[in-house]
Amino acid sequence: TLRRSNAVDIVGEDCRAVRDCVGLIDNTGFSRYEVRGADAEARLDRVMAGKLPGPGRARLAPMLGHDGRLKGDLTIFNWGDGIWWMMGSYYLREWHMRWFHDHLAAGDGDVQVRDISDAVCGFALAGPMSREVLAALTQEDVSHKALPFMGCRQMDVGLIRARVGRLSVTGELGYEINCSSAEHITLRNLLLEAGKEHGIREFGYYALNSLRLEKGFGIWSAEFTQGYTPGMTGMDRWIDFSKTGFVGHDAALKEKQQNTAPQKLVTLDIDCDDADASGFEPVWSGDRRVGFITSGGYGHYIGKSLAMALVDPELASPGTELTAHIVGRECAARVLEPSPFDPNGEKMRL
């Protein structure tokens with residue numbers, strides 16, 4: 001059905017478990033690339049548009065084409081031992097690896113790039129009790145001071161030597177725990193056992209979609225594609241314009257200086273009681289089409305039908321009244337603040 005199915009209550013329970021307690025999700029379905037070598041940092045600084053993280057830190061890392069359009073919305077980890085990781089969309093592995101071979105590892109210099117997506121997998125913990133679950137499995141200090149938001153380091157989780165990053169797509173306190181594929185089932189069992197007393201619940205990607213929409217977090221193939229620019233999608237806030245020479249610099253700087261983005265990404269609250277947007281529905285201002293929805297779903301925790309959309313720049317301000325067609329019916333829609341749930345991101349940074 002194009003309307004809400006009988007799974008809606010189950011998805012809602014998943015979302016509330018993550019927001020109120022702790023949830024566990026398999027995040028093996030993300031690509032992982034390892035970069036190492038004496039020239040790795042310098043080459044990465046040219047390929048990535050953003051500022052590189054320091055040792056023991058992670059950052060969101062937009063990657064641009066020569067025309068300034070997006071090539072990837074990656075997360076880059078500096079493990080502090082000469083090894084860098086990049087994580088992104090699993091199905092883009094071959095496409096990204098061709099780009100890395102042409103722009104990261106090509107020519108002279110000591111840089112090795114390896115796709116480790118099948119060798120490394122893992123889980124994400126998310127929710128206010130996630131720190132307690134992780135702390136029960138390690139002798140390492142995982143307090144906020146020792147492992148702050150967007151921090152990362154190698155540690156023992158049970159008997160597994162894991163690489164752990166403190167970040168979360170849900171907008172909650174969270175950790176991404178990576179292990180070898182041979183240890184995947186063991187890691188799941190450890191986390192579920194440690195989380196029993198905290199009411200841990202495994203949740204799925206329908207719930208993750210709801211949670212990230214409540215935060216206004218975009219995803220590749222919906223809000224971010226190679227046809228869109230940083231200025232359209234808000235990814236320009238992660239670009240380090242103080243550095244020069246990175247791929248796509250001139251085109252991205254021109255867009256920023258001249259404010260030429262043809263549309264802007266916004267989050268919408270849609271008045272629809274039995275269906276939600278899924279993508280490519282038209283958005284209207286009066287009888288004029290002013291954009292389209294990139295993705296949507298029901299925000300179970302805040303109780304709103306949500307969508308992200310690209311609209312004409314002059315209509316991107318919070319409070320703007322619009323309409324959208326959802327399953328053939330025109331519904332009222334309003335532009336929301338960029339992050340409807342926890343707008344200041346305090347929960348992620350606890």
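**Ground rules.** I count residues from 1 along each chain as its sequence is written, and side-chain values use heavy atoms, with hydrogens and water left out. Since this is a predicted model, local features need pLDDT of at least 70 and side-chain atom pairs count only at pLDDT 80 or more, while totals for chains, interfaces and linings use all residues.

**Entry 1: the six-stranded sheet.** I went through the strands, which like the helices are DSSP runs numbered from the N terminus (helices are H or I, at least four residues; strands are E, at least two). Two strands pair if DSSP finds at least two bridges between them. Six of them make an open, mixed sheet, in the order β8-β9-β10-β7-β1-β11. β8 (152-157) and β11 (201-202) are at the edges with a single partner strand each, so one side of each has no neighbour in the sheet. I then looked at β1 (residues 23-26), which runs parallel to β11 and is joined to it by two bridges. Gly 23 sits opposite Arg 201 there.

Entry 2: Which strands does helix α5 (residues 184-195) lie across? I found β1, β7 (120-126), β8, β9 (160-165), β10 (174-180) and β11. The helix runs at about 15° to β7; axes are lines fitted to C-alpha atoms, for helices over the stretch in contact, and angles run from 0 to 180 degrees between N-to-C directions.

**Entry 3: the five-stranded sheet.** This open sheet is antiparallel, and I read its order as β3-β4-β5-β2-β6. Its edge strands, β3 (57-64) and β6 (112-115), each pair on one side only. From one strand to the next, the twist averages 25°. β2 (residues 30-36) pairs with β6 over four bridges, in the antiparallel sense, and Glu 34 faces Arg 114 across that pair.

**Entry 4: helix α2.** Which residues of α2 (residues 40-47) are buried? I listed Ala 40, Arg 43, Leu 44 and Val 47. Buried means under 20% relative accessible area, exposed over 50%, and partly exposed in between (1.4 Å probe, protein chains only). Down the axis of α2, these residues fall within an arc of 100°, so they line one face of the helix; the arc is that of the directions from the helix axis to the C-beta atoms. An α-helix has 3.6 residues a turn, so residues three or four places apart point the same way. The buried residues of α2 pack against β2, β3, β4 (70-78), β5 (83-89) and α3 (93-103).

Entry 5: Ser 221 is not a glycine, yet its phi is positive, about 80°. I found Ser 221 in the loop between α6 (205-215) and α7 (230-233), and it is partly exposed at 48% relative accessibility. Asp 342 also has a positive phi, near 50°. Asp 342 is in the segment after β17 (329-335) and is buried, at 13%.

**Entry 6: the cores.** A nonpolar core is a set of buried Ala, Val, Leu, Ile, Met, Phe, Trp, Tyr and Cys residues joined through side-chain atoms within 4.5 Å. The largest one has 25 residues, and Val 157 and Leu 187 are among those with the most contacts inside it. α5 gives the largest share, four residues. Leaving aside neighbours within four places in sequence, I saw Val 157 in contact (heavy atoms within 4.5 Å) with residues including Leu 134, Ile 177 and Leu 190. Another core, of 20 residues, lies apart from this one and includes Leu 44 and Met 48.
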